[in-house]
Protein chains: 2
Amino acid sequence: MIVTPQTQHFAEPLVLKSGAVLPAYDLVYETYGQLNAGRSNAVLVCHALNASHHVAGLHADANGDPVARSEGWWDNMIGPGKPLDTSRFFVIAVNNLGSCFGSTGPTHTNPATGQPWGADFPVVTVEDWVNAQARLLDLLNVQVLAAVMGGSLGGMQTLSWTLQYPDRVRHAVVIASAPNLTAENIAFNEVARRAIVTDPDFCEGHYLREGTLPRRGLRIARMIGHITYLSDDVMNAKFGRSLRARDDTEAVQAAELAYRYTTQDVEFQIESYLRYQGDKFSEYFDANTYLLITRALDYFDPAREHDGVLSDALARAKAKFLLISFTTDWRFSPARSREIVKALLENRCDVSYAEIDAPHGHDAFLLDDPRYLEAVRAYFEQTVAQEVAA
Amino acid sequence: MIVTPQTQHFAEPLVLKSGAVLPAYDLVYETYGQLNAGRSNAVLVCHALNASHHVAGLHADANGDPVARSEGWWDNMIGPGKPLDTSRFFVIAVNNLGSCFGSTGPTHTNPATGQPWGADFPVVTVEDWVNAQARLLDLLNVQVLAAVMGGSLGGMQTLSWTLQYPDRVRHAVVIASAPNLTAENIAFNEVARRAIVTDPDFCEGHYLREGTLPRRGLRIARMIGHITYLSDDVMNAKFGRSLRARDDTEAVQAAELAYRYTTQDVEFQIESYLRYQGDKFSEYFDANTYLLITRALDYFDPAREHDGVLSDALARAKAKFLLISFTTDWRFSPARSREIVKALLENRCDVSYAEIDAPHGHDAFLLDDPRYLEAVRAYFEQTVAQEVAA
């Protein structure tokens with residue numbers, strides 16, 4: 001499946017939750033499959049921290065040939081014949097405002113200054129993203145979504161859709177998510193942000209203007225993030241205490257190698273893996289975007305305006321829900337999904353809940369666990385599709 | 001209890017596990033209580049990452065008056081009438097080599113260069129510390145210890161004592177510890193180290209020579225560490241999603257304040273707490289020491305030289321053991337203590353084990369949980385003291 005990103009310009013200002021106004025902006029998005037005649041088969045897929053609108057298929061090069069390694073980040077979930085079947089559903093994925101993959105964000109030009117927005121880009125929230133997505137759907141002539149789906153921060157957007165636009169969402173698929181961040185979640189985000197902000201190359205967020213990039217901070221931020229995406233079990237299974245082989249060829253069991261006794265060089269495989277992930281990330285991700293998106297996570301808290309009572313906050317929702325969590329996810333643990341399930345049930349909502357026994361931690365929502373993929377497939381085939389046809 | 005640190009110089013070189021040789025060195029230590037006539041009531045207390053030889057009592061100022069806030073880090077555990085009762089036992093606590101509280105370490109002068117050791121200070125291991133402690137005990141004329149005790153990294157030293165000097169330890173009290181670090185443990189250490197090493201003020205570890213200090217890196221390192229010391233539960237109970245009040249007076253519940261919508265300023269109480277901890281730490285702790293001590297943690301793995309079989313590694317131990325773990329400690333979980341218990345039982349060792357249901361995470365080993373303190377008290381009164389008297 002070859003896909004082409006599209007860009008939509010919005011000339012109408014967007015009033016953000018903070019009160020700030022984004023004067024005009026672009027949204028980059030992709031669609032997969034065809035909107036049916038009744039305009040009833042559209043599914044919006046929301047992305048998490050470092051992902052984008054490119055959820056499925058491959059991009060093409062100038063000759064129209066598929067580009068290797070350009071696979072969408074949820075290609076195992078979305079496509080023809082896949083759990084979210086694009087031969088049946090019209091799938092839309094939007095790069096969120098403030099991100100760094102095409103939609104207007106801190107790397108773009110601030111019309112007021114003619115310079116990159118940098119740290120002056122306004123703080124965006126989950127609610128703002130949902131409003132921006134809704135405007136795009138208006139232009140695509142999609143009034144009601146068959147479903148909204150997302151994992152992690154994408155699940156928060158999904159939940160928010162059912163509250164901000166209760167009449168526009170038939171089904172909400174909320175995966176590996178939470179009704180808000182815990183203190184520990186915020187703490188990890190904050191350390192990552194401090195690593196970025198205190199990098200001398202951050203230049204108070206105007207590094208592009210200064211011709212620098214706070215790569216050191218981004219590396220640290222990504223390393224911290226990565227630890228929280230994985231479970232202790234899967235880290236032990238994948239890396240354990242293995243040392244990195246001296247000739248960089250392959251992993252060697254710890255017992256087969258002698259310690260090098262070094263404090264600064266790589267000794268263990270896990271160190272090598274984390275450094276690699278950090279380096280890679282720092283080459284493509286924007287530091288101000290990292291601050292904005294982690295803050296959107298911190299701020300999301302629908303119960304906040306209801307004295308902390310989640311069931312009151314969710315009383316507006318009219319959608320039917322599928323929630324999925326993963327047993328070893330300690331970032332957004334099953335207990336957090338169960339909080340949402342409980343609050344929905346208190347509102348007599350139609351809720352299905354699957355707690356998948358998977359070893360992979362938070363990352364499991366992106367991986368090929370058959371029970372997980374089948375749970376999503378079954379929901380779309382047996383529940384969402386019935387209403388689309390009806 | 002007023003105590004005075006003492007310094008012992010060692011002119012004999014110490015051959016380290018890495019093969020490097022420390023030509024000469026000082027150890028700073030404190031003692032509490034009196035060695036009995038039979039020299040049978042000595043207890044060695046080992047410290048963890050950022051602690052020191054000052055485990056109990058108060059230091060005095062030049063006039064001999066107690067200095068406020070100079071209380072030893074384990075003063076709730078050790079002192080007259082306390083669980084480790086210094087009216088009964090002669091307690092010795094040593095600052096480890098490579099640390100920054102008096103014993104020879106990276107901030108001291110490298111005799112070969114006349115400059116601070118900095119990053120050239122040799123890598124020290126748990127085993128090296130134990131050897132250095134044993135030499136000090138020789139000078140103090142203590143051949144056999146009634147007990148060795150330590151929490152976390154101190155527990156690793158305690159375990160190592162029973163393997164390196166099985167005939168010199170009657171009892172080993174190993175608290176909130178582990179037989180080695182998991183991949184996740186190493187990962188957190190590595191991120192902290194990278195934050196320090198990539199701080200431009202680290203100057204490849206020779207910041208003292210350059211007249212700088214890598215405070216940014218130390219702050220991040222400490223923030224990461226702090227998150228892993230606390231449980232998710234206690235963070236939620238203590239900070240939750242509360243916002244920091246604008247007038248800096250006191251904590252205010254989130255619902256009572258409006259978000260400020262900021263990516264760089266403090267918004268949540270947990271952020272304020274972590275920044276404070278990071279700032280404080282960066283003022284007194286040495287960056288190279290942080291690297292060395294986290295590496296000592298990474299490298300500790302007695303099973304490594306026994307094909308990974310812990311019970312083989314522990315076959316040398318002759319001591320009796322008390323192990324204690326805390327239910328919410330996710331850094332060194334109860335499962336890790338149980339691994340040690342199991343391996344000791346396989347060797348028919350005498351083992352007591354207490355798993356304390358405490359909410360405070362890894363930090364619990366420093367706190368005033370009555371069941372925990374009573375478990376230690378009972379062990380010293382009923383078991384260790386009997387043998388001292390005998």
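Predicted model: local features only at pLDDT ≥ 70, side-chain atom pairs only at ≥ 80, totals over all residues.
**Entry 1**

I began with how chain A is divided, and I found domain 1, covering 6–180 + 301–387, and domain 2, covering 186–248 + 256–292. I then looked up the distance between the C-alpha centres of domain 1 of chain A and domain 2 of chain A, which is 27 Å.

Next I turned to where these two parts of chain A touch, and I noted that 26 residues of domain 1 are in contact with 23 residues of domain 2. The area buried between domain 1 and domain 2 of chain A is about 2,000 Å², and carbon and sulfur atoms give 63% of this area. When I sorted the residues on the domain 1 side of this contact by class, I got 13 nonpolar, 10 polar and three charged residues.

How many salt bridges are there between domain 1 of chain A and domain 2 of chain A? I found that the count is zero, while the count of residue pairs in polar contact between the two domains is eight, with both residues of each pair at pLDDT 80 or more.

**Entry 1: the contact of chain A with chain B**

I went on to the two chains, where the contact takes 64 residues from chain A and 64 residues from chain B. Chain A and chain B bury about 5,400 Å² between them, and 62% of that lies on carbon and sulfur atoms. Which residues of chain A lose the most area to chain B? I found A:R241, A:Y261 and A:R304, which together make up 15% of what the chain A side buries.

I then asked which elements give two or more residues to the side of chain A that touches chain B. They are α3 (183–197), α5 (215–229), α6 (232–238), α7 (269–284) and α8 (287–299) of chain A, and the largest share, 11 residues, comes from α3(A). By class, this side of chain A has 35 nonpolar, 11 polar and 18 charged residues.

I also followed a network of salt bridges, in which A:E190, A:R193, A:R295, A:D298, B:E271 and B:R275 are linked.

Side chains of opposite charge can pair when their charged atoms come close.

In one of them the side chains of A:K17 and A:E305 meet, at 3.6 Å from N to O. A:K17 lies in the loop between β2 (14–15) and β3 (21–22) of chain A and A:E305 in the loop between α8 and α9 (310–313) of chain A, so this pair ties together parts that are 288 residues apart in sequence. I found A:K17 to be partly exposed, with a relative accessible area of 33%, whereas A:E305 counts as exposed at 61% relative accessibility.

Another salt bridge joins A:D75 to A:K82, the closest N and O atoms being 3.0 Å apart. Is A:D75 buried or exposed? I noted that A:D75 counts as buried because its relative accessibility is 13%, under the 20% limit, while A:K82, at 25%, counts as partly exposed.

I also looked at A:D201, which forms a salt bridge with A:R216, the closest N and O atoms again being 3.0 Å apart. A:D201 lies in the loop between α3 and α4 (207–210) of chain A and A:R216 in helix α5 of chain A, so the pair ties together parts that are 15 residues apart in sequence. Both count as partly exposed, A:D201 at 26% relative accessibility and A:R216 at 23%.

**Entry 2: one residue of chain B**

Last, I looked up B:N96, which is found in the loop between β8 (90–94) and α1 (126–139) of chain B. B:N96 is buried, with a relative accessible area of 2%. Leaving out residues up to four places away in sequence, I found that B:N96 touches B:H47, B:S103, B:W129, B:Q133 and B:Q157.

Technical notes:
Residues numbered from 1 in each chain as written. Chains lettered and ligands numbered in written order. Heavy atoms only, no water. Domains from an automatic or database assignment. Contact = heavy atoms within 4.5 Å. Buried area = accessible area lost by both parts, 1.4 Å probe. Salt bridge = Lys/Arg side-chain N within 4 Å of Asp/Glu carboxyl O. Polar contact = N/O pair within 3.5 Å; in protein donor to acceptor, adjacent residues only side chain to side chain. Nonpolar A, V, L, I, M, F, W, Y, C, P; charged D, E, K, R; others polar. Helix = DSSP H or I, 4+ residues; strand = E, 2+ residues; numbered from the N terminus. Buried < 20%, exposed > 50% of the residue type's maximum accessible area, 1.4 Å probe, protein only.
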